[in-house]
Amino acid sequence: MQALGERDAKLEPAFLHAVQIARYIDGRDTARKEDVAKVAVAVAGENGIDLTAEDFADRLRSDAELRQRTLDRIEASQGRMNQLGIRGVPQLVAVIDGKPTALDGQILYHGPDRLIAAIEDLTVTA
């Protein structure tokens, strides 16, 4: 996600969606760099960016700076989760008037209408 986001931030949510489909629907092993690279290349290609799976997997294996940026991002995210008192996944955080507010991630399993309603409830009470 980090590597694609550095090319174009809009690739991050597209990648997350595609990698979840690869894992939970297609049964692919997304712990393997080669499988992650194939998903990343497909997402990039759908957005006009030409990558090869071999080069991308190699970067995931050997780019120490990418690894550090990724670790820094994970640490920052964990810090924000700790500040909000949330654990596990999925988690949702809505920022209303500059204030982050945790939403119960289980709302994701009830469809977009419930999610939108929960966010609207936050904006009414803010």
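Predicted model: local features only at pLDDT ≥ 70, side-chain atom pairs only at ≥ 80, totals over all residues.
**Which residues lie nearest the centre of the largest pocket, and how many residues line that pocket?**

Residues are numbered from 1 along each chain as its sequence is written, and side-chain values use heavy atoms, with hydrogens and water left out.

**Exercise 1. Describe the largest pocket and its lining.**

Step 1: Know the term. On a 1 Å grid over the protein atoms alone, a pocket is an open set of points where a 1.4 Å probe fits, with protein on both sides within 12 Å along at least five of seven lines; lining residues have an atom within 4 Å of a point.

Step 2: Answer the opening question. The lining holds 44 residues, and Met1, Leu16, Arg73, Ser77 and Val89 lie nearest the centre.

Step 3: Find the contributors. Two or more lining residues come from each of α1 (2-7), α2, α3, α4 (53-62), α5 (64-84) and β1 (92-96). The largest share, twelve residues, belongs to α5.

Step 4: Sort by class. The lining has 25 nonpolar, ten polar and nine charged residues. Here Ala, Val, Leu, Ile, Met, Phe, Trp, Tyr, Cys and Pro count as nonpolar, Asp, Glu, Lys and Arg as charged, and the others, Gly among them, as polar.

**Exercise 2. Work out how α2 packs on α3.**

Step 1: Take the geometry. Helix α2 (residues 11-24) and helix α3 (residues 33-46) meet at an angle of about 130 degrees, and their axes are 9 Å apart. Axes are lines fitted to C-alpha atoms, for helices over the stretch in contact, and angles run from 0 to 180 degrees between N-to-C directions.

Step 2: Name the arrangement. This angle makes α2 oblique to α3; angles under 35 degrees count as roughly parallel, over 145 as roughly antiparallel, 65 to 115 as roughly perpendicular and the rest as oblique.

Step 3: List the partners. From α2 come Leu11, Ala14, Phe15, Ala18, Val19 and Ala22, and from α3 come Val36, Val39, Ala40 and Val43, where contact means heavy atoms within 4.5 Å.

Step 4: Classify them. Ten are nonpolar, with no polar and no charged residues.

**Exercise 3. Find two backbone features in loops.**

Step 1: Recall the background. Most residues other than glycine have a negative phi, and most peptide bonds are trans.

Step 2: Look between α5 and β1, where Pro90 lies. The peptide bond from Val89 to Pro90 is cis, with omega near 0 degrees.

Step 3: Move to the loop between β1 and β2 (99-103), which holds Asp97. Asp97 has a positive phi of about 50 degrees, although it is not a glycine.

Definitions and conventions
Helix = DSSP H or I, 4+ residues; strand = E, 2+ residues; numbered from the N terminus.
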